[in-house]
Amino acid sequence: MAEKKKFSIIVFSGDYDKAFAAFTLASGAAALNYEVNLFFTFFGLNIIKKKRGHKWLGKDFLARFFNFLMGGRNNLPLSRLNFGGLSPVLLGGLAKKNNVAGVDELIEASIKLGVNLYACETAGVILGLNQDDYIPEVKSVIGVATFLKIQEGGQSLFI
């Protein structure tokens, strides 16, 4: 029996369009029976936070302030032409109008298809975040060495 193909994505960006791309690729690969691993780090952690809006998360003032500014999944900006936060709403509306899944639906589909979600331990420490701050589907908080072992032998992308 052939070994299952692996596909891993390092999600560094917290931009709406890049989250859209990461979860489109993840759900597509999972639907084709790939083992899919997403490793969220720094701004990418914003996508998998349990609290989706501007919340004071973290242990000290700077971490809490930084997390408040980043927002959460409800506040993901567009990487270009954000127009003060209006563009993600417009892009989401266009997706819905054309019967294309939006970021929330793609995340839900990815989870149902068995995509593995991991949070970066180092970035979480810097931002004062821990396992309880992420959606329950985050498999674990891991370091780079562990992620490299998980993704070994497969293809990897950096988004």
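Which residue is the bridge partner of Ile9 in β5? It is Leu157, and the views below show the surroundings. This is a predicted model, in which local features need pLDDT of at least 70 and side-chain atom pairs count only at pLDDT 80 or more, while totals for chains, interfaces and linings use all residues. Residues are numbered from 1 along each chain as its sequence is written, and side-chain values use heavy atoms, with hydrogens and water left out.

**View 1. Strand β1 and its partners.** Helices (H or I, at least four residues) and strands (E, at least two) are DSSP runs, numbered from the N terminus. Two strands pair if DSSP finds at least two bridges between them. β1 and β2 run parallel, joined by six bridges, and Ile9 stands opposite Leu38 in β2. β1 also pairs with β5 (residues 155-158) in the parallel sense, over four bridges. Five of the six residues of β1 are buried (under 20% relative accessible area, 1.4 Å probe, protein chains only).

**View 2. Around Ile48.** Leaving aside residues up to four places away in sequence, Ile48 touches Phe40, Tyr118, Ala119, Asp133, Tyr134, Ile135 and Val138 (contact means heavy atoms within 4.5 Å).

Key: Buried means under 20% relative accessible area, exposed over 50%, partly exposed in between (1.4 Å probe, protein chains only).
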